Amino acid sequence: MRARRFVPLREFARLATSPLIVMLLVASLVSAAVGEPVQAVVIAVMVLMGVILSFWQSARASGATERLRALVAPTATVRRDGEWREIPQREVVAGDLIRLSAGDLVPADARLVASRDLHVQEAALTGESAPVEKGEPGGAAEHGDLLYLGTSVTTGTATAVVYATGARTELGRIAASLAKAPPETEFDRGSRTFGYFVMRLVLFLLVFVALVNIALRRDPLQSLLFAIALAVGLTPEYLPMIMTITLAQGASRMAKRGVIVKTLGAMQNLGSMDVLCSDKTNTLTTGELVLERSVDARGAASDDVLRLASLNAALQTGIASGLDAAILARQAPELGDVRKLDEIPFDFDRRCLSVVAERGGSRVLVTKGAPEDVLARCALDGEARRAADATLDALSREGLRVLAVASRAVPERPAYGRADERDLALAGFLAFADPPLPGAAAALSALRDDGVDLKVLSGDHAAVARHVCGALGLDVTSVLTGAQVDAMDDRALAEAVSRTSVFARVRPEQKERIIRLLRRQGHVVGFLGDGVNDAPSLHAADIGISVERGVEAAKDAAAVILHGTGLAVIHEGILAGRRAFGNVVKYLLMTTSSDFGNMISMAAASLFLPFLPLLPRQIILNDLLYDVAQMAIPSDAVDASYMRKPRRWDIALIRRFMFVLGPVSSLYDFATFAVLLALFRADASLFQSGWFVESLATQTLVVFVIRTGGNPLRSRPSAPLLALALGVVALAAVLPYTPLAQDLGLVPLPVPYFAVLAVLVLSYLAVVQAVKVRVFAREERLLG
């Protein structure tokens, strides 16, 4: 199966065709068509910078992914021209005869021709953690004669004929589902909705102002230019660049933590996420089994059980098991004069493994395996069996994985077989745990405090999942199993999903169904997965997260790739996403409200003034200087209170903020008009100069009020933002006195005007603070 590759032209086209980008490009073309080349170039440059920065981030993330992929170059052993050769996996074709042994990756879908003691690990494809037995048609193997691309051989040898490669394999079928367009993410949906909102507003304003001015018998060309200048002034042309810079800074910080963020939209999706779905392994637990207890049949501690189990584990040559590793890590036996005589391999019918060893002339058969199967081979009276069952039940309820250990003396004979696994003496049980990751409970608590719910989608037994998750603080009042999920229709499951935190024995398709239902309920869902079987769920989530050691399909489907494991690094990404999006929201609230207020003022003034309130070039310069002042917003801090909840696009809030604060800004503009006309008897040039300075001062300095949800005097802005905003206001104040003034249509202002201006600006900021507090108190969801 070929992994999805980064196609530069396709990626650039995707970034350049969002509604907001298209609207800004149209504004640039219209500006050029009506004789405003400077504004056309400014808009085009801002759009191009935003698209290029987003493209660069995607390309850089793709390059990092390719470097991870290049670390592994899979090969296959095939028979060509009468001899066995090792060739790159990509050169394997249908009809090839392949040879496999322990440790090999299966290079294609194939049918067995011959095999010996073959067990295959299919976890990447099916999610099942235990290897499965394979064999030729008609044999005893319960899992058939088919091998699949992406699986691996754990024990045994085999020869097989390839019948499918690439997209025609079972793995390819899963990949085909990933070729479909992914569901629209929260970032995409918010960007599209905001773009359409601004587009409708711009078109309405353009038509309304043009018609009114023409109806008043103003010069048609000047009226059209004025209307276009108003409309262009309302378009947030710096938004793509500021959004890109802000999100890119967050992605860059995450890269230093070993996290690859493939797209900038993934940063905002991380900040918006309110549900994270994941398996417990490598998220809550280490995935490495540890021996917790060695007990006899009645539950008392017993070293004899561990001694026998370590002898079995040391001598067996079958499947390399994490359980054996845990046993030997606790106690490696001193074999000394112990001689191994025979082995009865593990299989999935008996679910146990036996070895026969000799020491000092005595022969003993030691068996370990699934408790139910070992107990069935033991000679136990009624009371002893009840005691053993009670011990086993108690260990299982604690969420421990249990092995039974038994033995018996055997007579001398050349070989031993399954028939000798009878009348065993039960030694006891070994109990294993998958220990929690260090800091898992704290990370889980931190996520919960910051508004993110974790839902565990586990393939483990319900008792194990309940015990582990309950110990870490998850609600395990209701644990849904895969069988229960299948028995529910979507409506019933949607209700159950909303109140359930732990799911056990769930298959890949059930995970995807749960994710889709959560999204349908309005949640922004993240999914952490690393197997092929996780790829559809990664594709279906708002934010797919995989790990460096994950399979290619999972890494390709994910938007974020982690170098480490655990919830702590994901929590950091969530906070980084919220911080980045918080600064984007600041710009949106300030720009839309300030621009809308200015447009109202200019449109209203044009109705009663015998001249234009601002010349088109003054509108464009005003807008340009304002946007320059906001370029430092990405460097600003975000309120701690803002970081405590998931943050999403809220067009209703932006619209409300614009429609409330915009008119407030216009009221102060009207006050400025009155002062200029009544006190200073302003002509056209003086009026335009005075309003140019006042409008730029109010809409630029308001950044210090809107940037925080609290008291602006207690929240310090970043040094770049402070310097740039004050610098732009100072520049506006001195422009009427510079040689550029004549070309811009500006004239020097009377000194007393600046005293009036100071009163107007300070009172405006105070009113904005009062209005802002009321709007945010009602909203409760943005900026504090």
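1. F12 counts as partly exposed, at 30% relative accessibility. The cut-offs are these: buried means under 20% relative accessible area, exposed means over 50%, and partly exposed lies in between, with a 1.4 Å probe and protein chains only. F12 sits in helix 1, residues 8–16. Helices (H or I, at least four residues) and strands (E, at least two) are DSSP runs, numbered from the N terminus. F12 also belongs to a nonpolar surface patch with L48 and I52. Together the three have about 240 Å² of accessible area. Such areas come from the Shrake-Rupley method with a 1.4 Å probe; for residues, only the protein chains shown count as cover. Patches take residues with over 30% relative accessible area and no salt bridge; like charges are joined within 9 Å, and nonpolar side chains (Val, Leu, Ile, Met, Phe, Trp, Tyr) within 5 Å.

2. **What kind of model this is.** This is a predicted model: local features need pLDDT of at least 70, side-chain atom pairs count only at pLDDT 80 or more, and totals for chains, interfaces and linings use all residues. Residues are numbered from 1 along each chain as its sequence is written, and side-chain values use heavy atoms, with hydrogens and water left out.

3. **The whole chain.** The chain has 784 residues, and 55% of them count as buried. It contains 28 helices and 21 strands. Now take the contacts (heavy atoms within 4.5 Å). Among those with a separation of 6 or more, 73% join residues 24 or more positions apart.

4. Strand 1 (residues 75–80) pairs with strand 2 (residues 83–88) in the antiparallel sense, over 6 bridges. Two strands pair if DSSP finds at least two bridges between them. R80 has E83 in strand 2 as its bridge partner. The two strands form a hairpin with 2 residues between them. In the turn, D81 has a positive phi of about 55°. Strand 1 also runs antiparallel to strand 3 (residues 97–101), joined by 2 bridges. There, T77 stands opposite R99.

5. The structure holds 27 salt bridges. Each is a side-chain nitrogen of Lys or Arg within 4 Å of a carboxyl oxygen of Asp or Glu. One of them joins the side chains of D96 and R80, at 2.7 Å from N to O. D96 lies in the loop between strand 2 and strand 3, and R80 lies in strand 1, so the pair ties together parts 16 residues apart in sequence. D96 is buried at 7% relative accessibility. R80 is partly exposed at 24%.

6. **R408 with D420.** These side chains meet in a salt bridge, 3.8 Å from N to O. R408 is in strand 14 (residues 401–409), and D420 is in the loop between strand 14 and strand 15 (425–433), so parts 12 residues apart in sequence are tied together. Both residues are buried.

7. **R644 with D450.** Here the salt bridge is 3.0 Å from N to O. R644 lies in the loop between helix 22 (616–629) and helix 23 (651–679), and D450 in the loop between helix 14 (440–449) and strand 16 (453–457), so the pair ties together parts 194 residues apart in sequence. R644 is partly exposed, at 43% relative accessibility. D450 is buried, at 8%.

8. **Helix 21.** Helix 21 covers residues 567–608, which makes 42 residues. From its first C-alpha to its last it reaches 62 Å, close to the 62 Å expected at 1.5 Å a residue. The expected span is 1.5 Å times one less than the number of residues. Of its 42 residues, 34 are buried, so the helix is largely enclosed by the rest of the structure.

9. **L375.** Is L375 buried or exposed? L375 is buried, with a relative accessible area of 2%. It is part of helix 12, residues 371–375. Beyond its neighbours within four places in sequence, L375 is in contact with residues including L380, R385, L426 and F429. Its C-alpha is separated by 9.0 Å from that of V405, 30 residues apart along the chain.

10. **S718.** S718 lies in the loop between helix 25 (703–706) and helix 26 (719–734). S718 is buried, with a relative accessible area of 12%. Not counting residues up to four places away in sequence, S718 touches A632, S635 and D636.
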